[in-house]
Amino acid sequence: MTATFDTLAAARDMEHAGLKREAAEAVASAIRAGQGELITRADIEPLATKTELAALEARLTWRIVGLVIAANALLVAAVKLIP
């Protein structure tokens, strides 16, 4: 669905509300330029949810804990082997 934005009508509305003509035209132009950057639901759906991110964080945390334990075990073994 393509959304249309009437910059002339918006600029006139802002001018009638008390904004200077140049400022109203600039705001309307900026809104029009930013329309191509709108995000839709279809854009958001493939992104990770909070639940998925929490599960990923838990898995990574346990992997880091495991690596720290393994590194400490290797350090202790190396210290014991050094005469």
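Glu 15, Arg 21 and Glu 25 are linked in a network of salt bridges (a side-chain nitrogen of Lys or Arg within 4 Å of a carboxyl oxygen of Asp or Glu). This is a predicted model, where local features need pLDDT of at least 70, side-chain atom pairs count only at pLDDT 80 or more, and totals for chains, interfaces and linings use all residues. Residues are numbered from 1 along each chain as its sequence is written, and side-chain values use heavy atoms, with hydrogens and water left out.

Q: What is the secondary structure of the protein chain?
A: Helices here are DSSP runs of H or I with at least four residues, strands are runs of E with at least two, and numbering starts from the N terminus. Read from the N terminus, the protein chain runs α-α-α-α. The total is zero strands and four helices.

Q: What is the radius of gyration of the protein chain?
A: This value is taken over C-alpha atoms, and the globule rule is 2.2 Å times the number of residues to the power 0.38. For 83 residues that rule gives 12 Å, and the protein chain is well over it, so it is more spread out than a compact globule, with a radius of gyration of 29 Å.

Q: How many of the 83 residues of the protein chain, in percent, count as buried?
A: Buried means under 20% relative accessible area, exposed over 50%, and partly exposed in between (1.4 Å probe, protein chains only). Of the 83 residues in the protein chain, the buried share is 7%.

Q: Which side chain meets Arg 21 in a salt bridge at 3.1 Å, N to O?
A: Side chains of opposite charge can pair when their charged atoms come close. Arg 21 also forms a salt bridge with Glu 15, where the closest N and O atoms are 3.8 Å apart. The partner at 3.1 Å is Glu 25.

Q: Where do Glu 25 and Arg 21 both lie?
A: Arg 21 is partly exposed, with a relative accessible area of 47%, and Glu 25 is partly exposed too, at 39%. The two are four residues apart, about one turn of the helix, and both lie in helix α2.

Q: Is Ile 31 buried or partly exposed?
A: Ile 31 is found in helix α2, residues 21-34. With Leu 19 and Val 27, Ile 31 forms a nonpolar patch on the surface. At a relative accessibility of 40%, Ile 31 counts as partly exposed.

Notes
Patches are made of residues with over 30% relative accessible area and no salt bridge: like charges are joined within 9 Å, nonpolar side chains (Val, Leu, Ile, Met, Phe, Trp, Tyr) within 5 Å. Accessible areas come from the Shrake-Rupley method with a 1.4 Å probe; for residues, only the protein chains shown count as cover.
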